[in-house]
Amino acid sequence: MTDQAFVTIKNAAKSFGALQVLKDINLTVERGQIVAIIGPSGSGKSTLLRAINELDPLTSGEVWLEGVQVNKTLPHRQYEAHVNQVRQDIGMVFQHFNLFPHLTVRGNITLAPRMLKGLSEDEANKLAEEQLAKVGLAEKIDEYPSRLSGGQKQRVAIARALAMKPKVMLFDEATSALDPELVEEVNLVMKQLAEEHMTMIIVTHEMDFAASVCDRVLFMDQGVVVEEGPPSVIFENPQEERTRNFLRKHLSR
Amino acid sequence: MDIELILRVYPFFLQAALVTVQLSVLTCILGLICGAIGAFMRLSRLVPLRWFGAVYVSLFRGTPALIQVFILYFGGPQVGINLDAFTAGTIALGVNIGAYMTETIRGAILSVDKGQTEAARTLGMSKGETMRKVVLPQAARMMIRPLGVNINALIKGTALLAPISVIELTQTAQRFIGSTYKPFEMFLLAGILYMLFIYAVGLGINWLDRKARIS
């Protein structure tokens, strides 16, 4: 582990019964780095992402965030308390947004900061306004999610995650469920985060976006990292046959 | 049809209807309490609690409510439980409908999209916080209608207390048949009162459901 290592995954393995979905994966992400994980569906890339914040705990291996082991083995109560604490530092954005439909945009953003960080109503409102302005949706603060477009929902979901002031952001196919014309507005927000040097790990099917924003690209297939490197190498000069096959299918579209 | 007789006896029926309303309200409250506890047992992380919840549901849904009423009221004294008919009946019916409500509440909680829990947990909220602030508010809306079905059933179920001599509607009808030999009129009168009560409750459920949907 170098000094710079921020997120470290060591010998990660995961099985669902007899099915091994992750096999001995190692990954180091430095502070401010943006890493894309690409690969065919079923390759384990979402599972790896969801292992980072213990949504899908690993069967074996370690996940570290800034010197703290995320997947510690602890008695149930202590484990829950520990996980609740570290998750506050790990923002996550889902394919299907998962906004809380019974709360307004403001309620979605302020719920966790008020409850977990003890912000006052005024502080939380100010935070919501800031985060919404950042994703360009200040005027939607009192709308319910059902009144928003898919792209707007995802931007609110990003604002909600950012309101916890996370150290790292995980994106699980954040634009896969969007109509094509709505993808760009979400990509723009992510690019803006990249410019602010937010550490990000992005599972995506969008090769153009990965190529333009990311510092490093991981190609996964059948539970292993087949190849990794800067986007220029992965996309223009991949060394592995499997990577070439995958990219041929995806770049020709 | 003997209208004159109906006009003569209906005040007694109204009084009995009031008892039916009381029974229904108390049974409903007890049922909701049992249902909430039962649902949380069935959804618990702890195996013994889950098991206990499952046994509760299958036991009380798997036997006739009438038998449950009889066991508590007639069988109770044998094991030192001496309750008057009203109390025994309310408890038996409440615990019985609670088993159905357990499944209603559990079903509504499970029908909330898993992504909701994931999003809340990812923000760092605990299981309890997630349940209270994210899952339950959504599940509550979804359980209004099915709980209405349970409540409808429990109102009609209070007629099962006639055999243990709780002076509710059905028992009152039977009593007046004994003295008037006019079963058609007496049961019709009881039936109309049941219908009015159930209709009013139905309107209340609809109103609640609409209100929950709008907000």
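Reader: Could we begin with chain B: at roughly what angle do the axes of helix α1 (residues 3–42) and helix α4 (residues 85–110) of chain B cross, and within what distance do they come?

Author: Happy to walk you through it. Please keep in mind that this is a predicted model. The axes of α1(B), residues 3–42, and α4(B), residues 85–110, cross at roughly 45 degrees and come within 5 Å. That angle makes α1(B) oblique to α4(B). As for the hand of the crossing, it is right-handed. The residues that make up the contact of α1(B) with α4(B) fall into 18 nonpolar, nine polar and three charged.

The predictor's confidence in chain B has a mean pLDDT of 94, with 99% of the residues at 70 or more.

Helix α6 of chain B (residues 127–157) packs with helix α3 of chain A (residues 105–117) at an angle of about 145 degrees, and their axes are 12 Å apart. This crossing, too, is described as right-handed. On the side of α3(A), the residues that meet the partner are Leu111(A), Met115(A) and Leu116(A); on the side of α6(B), they are Glu129(B), Lys133(B) and Val134(B). Sorted by class, that contact has four nonpolar, two charged and no polar residues. For the complex as a whole, the predictor gives an ipTM of 0.92 and a pTM of 0.88.

Now stay with α3(A) and look at its contact inside chain A. The axes of α3(A) and helix α4 of chain A (residues 121–134) come within 9 Å and cross at roughly 125 degrees. That makes α3(A) oblique to α4(A), and the crossing is right-handed. From α3(A), the residues in this contact include Val105(A), Ile109(A) and Pro113(A), which belong to a group that meets α4(A) residues including Ala124(A), Leu127(A) and Leu132(A). By class, the contact of α3(A) with α4(A) has seven nonpolar, two polar and four charged residues.

Chain A also has strands, so let us turn to its sheets. One is an open sheet of four strands in the order β2-β1-β4-β5, with antiparallel pairing. Its edge strands are β2(A), residues 19–30, and β5(A), each of which pairs on one side only. Inside the sheet, β1(A) (residues 5–16) and β4(A) (residues 60–65) pair over five bridges. Along this pair, Ile9(A) stands opposite Val63(A), and Ala13(A) has Ser60(A) as its bridge partner. Strand β4(A) also pairs with β5(A), residues 68–69, over two bridges, where Leu65(A) stands opposite Val68(A). The hairpin of β4(A) and β5(A) has two residues between the strands, and Glu66(A) in it takes a positive phi near 45 degrees.

The other sheet is open as well, with six strands in the order β6-β7-β8-β3-β9-β10 and mixed pairing. At its edges stand β6(A) and β10(A), residues 224–229; each has a single partner strand, so one side of each is left without a neighbour in the sheet. On average, and ignoring direction, neighbouring strands here are turned by 20 degrees against each other. Strands β7(A) (residues 168–172) and β8(A) (residues 199–203) run parallel and are joined by five bridges; in this pair, Phe171(A) has Ile202(A) as its bridge partner. Helix α6 of chain A (residues 180–195) packs on the sheet, touching β3, β7 and β8 of chain A, and its direction makes about 145 degrees with that of β8(A).

How confident is the predictor in chain A? The average pLDDT there is 92, and 98% of the residues score at least 70. Confidence is highest in β6(A) (residues 90–93), at 96, and lowest in helix α9(A) (residues 241–251), at a mean of 87.

Notes. Residues numbered from 1 in each chain as written. Chains lettered and ligands numbered in written order. Predicted model: local features only at pLDDT ≥ 70, side-chain atom pairs only at ≥ 80, totals over all residues. Heavy atoms only, no water. Axes fitted to C-alpha atoms, helices over the stretch in contact; angles between N-to-C directions. Parallel < 35°, antiparallel > 145°, perpendicular 65-115°, else oblique. Left-handed = near helix turned anticlockwise from the far one by under 90°. Nonpolar A, V, L, I, M, F, W, Y, C, P; charged D, E, K, R; others polar. pLDDT = per-residue confidence, 0-100. Pairing = 2+ DSSP bridges. Contact = heavy atoms within 4.5 Å.
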